[in-house]
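Have the picture open while you read.

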Amino acid sequence: MAVDYSDAASISPSKHEHVECKELDLDVEFGGTREKLERRLLWKLDLRMSMLVLIYILNFIDRNNASAARSRGLATDLHLEGQQFATLLSILYVGYIIMQVPSNMFLNYIGKPSLYLPTCMAIWGRSLTRFFLGFVEAAFFPGAVFLISKWYKRDEIGARLAILYCGNMISNAFGALIASGILANMDGVRGHAAWRWLFYIEGSLTVSVAIIAVFVLPDFPTTTKWLTDDERQTEHGGRGHGFYLAITDWKVWWFAILSIAQVTALSFVFYFPALTATLGYNPTVSLLLIAPPWVYAVIFTFAWARHSDRRQERFFHMNISNLIGILGSLISMCTMNTAARYLSLFFMSHSTFPRPPSKRAVCFSLINAFQQLGNVSGSYVWPLNWGPSYRYSYAIVIAGNVTTIAMTWILRQHLKTLNKKLRE
């Protein structure tokens, strides 16, 4: 009930009366149900949002299957020479860069991620060319992060983004296991090469999951129909920032350039099968060796992100991961010893610690679109004639990590100055 303070002022107590004022506890006043409602909603929401992790796993499996197929005849059958395979990888990011900002703006307008994201997923599962694959894949990751930011509180978002990002690393691990089984056993089945079956099977799986996702994913808090009235009132989502606010903030552009350097440093992810192939084993074993470093990376990343959330600190957590990645690159540059180079792959996987977005919708999609330029350039960092040592490639990775550390330090110092002015 609202209080009319003009009336309340006229009934002040006399000087002989003692009035004890207590702060009103709304949870007690209304039966202590709000906390229970929030827990119930959070549990229900986490179950539905887990579908995003599965979609992200399939997203990266579909995106990276060309690297696995390369070792079993794709380049030979398609007569790819020189830098043509690198161009095959990088062409995806043309559409990916172009469509991310419009896609997130459209998603914010229609307010139906449960329909929009699975539709794009079904299209990329049936896409026949990598060029058009980029246009539809552009909808997922920025859209997923925007959806999460609409539902969760600030102190809840970090752990959820870490879990989502773990889908990337899980796909690197288990995508290689799936690929090794298909490529080893399906060559010549019904007259098709094994690498073609890899695309057929993984694409069909993607379309099947997309159909299920329509019925599982939530929409935005204001458009989701399965919320009860009480649950809808416990929702803490906010509105996204506008396009103008995003493009006029220099920190957004600074972070975008920083992200290009970081993604270039992570270019080894797409060439992991080529790196394990330098260990000297047959193609099937080389694919199987991909899994352990990424399983380890999933465990490390989740624990490291949770620790970062508890400490409310990003800079040191992010850059300690980069420094460990630099150590891995240095080991690979300095030796061809099999055990040492395999150990270096574990260290390099450290540098995939997730970077939480600072803004929503347009801002995040803008940063994510620009950082794909790092994927375009990174596609050309690992040419075959630089192998098997790939010393020049590792030097570029180190340069990217050093640039990232330097730029994040400058940004951190600026933010500390702003916080100091706010306290004054």
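How far apart are the end C-alpha atoms of helix H9, and what should its 12 residues span?

## Helix H9, end to end

Keep in mind that this is a predicted model. Helix H9 covers residues 140-151, and at 1.5 Å a residue it should span 16 Å. Its end C-alpha atoms are 17 Å apart, which agrees.

Now for its surroundings. 12 of the 12 residues of H9 are buried, so the helix is largely enclosed by the rest of the structure. Among the buried ones are Phe140, Phe141, Phe146 and Trp151, and also Ser149 and Lys150.

## H7 beside H9

Two packed helices are described by the angle between their axes and the distance between the axes. For H7 and H9, that's about 160°, with the axes 11 Å apart. The two are therefore roughly antiparallel to each other, and their crossing is left-handed.

On the H7 side, the contact uses Pro113, Leu117 and Trp124, while H9 brings Phe140, Gly143, Ala144 and Leu147. Sorted by class, that's six nonpolar residues, one polar and no charged ones.

## H7 beside H11

H7 (residues 113-125) also pairs up with H11 (residues 194-216): their axes come within 8 Å and cross at roughly 165°. That makes H7 roughly antiparallel to H11. This crossing is left-handed.

Residues of H7 in this contact include Leu115, Pro118, Met121 and Trp124, and they meet a set in H11 that includes Gly203, Val207, Ala210 and Val214. By class, the contact has 10 nonpolar, four polar and no charged residues.

Notes
Residues numbered from 1 in each chain as written. Predicted model: local features only at pLDDT ≥ 70, side-chain atom pairs only at ≥ 80, totals over all residues. Heavy atoms only, no water. Helix = DSSP H or I, 4+ residues; strand = E, 2+ residues; numbered from the N terminus. Expected span 1.5 Å × (residues − 1). Buried < 20%, exposed > 50% of the residue type's maximum accessible area, 1.4 Å probe, protein only. Axes fitted to C-alpha atoms, helices over the stretch in contact; angles between N-to-C directions. Parallel < 35°, antiparallel > 145°, perpendicular 65-115°, else oblique. Left-handed = near helix turned anticlockwise from the far one by under 90°. Contact = heavy atoms within 4.5 Å. Nonpolar A, V, L, I, M, F, W, Y, C, P; charged D, E, K, R; others polar.
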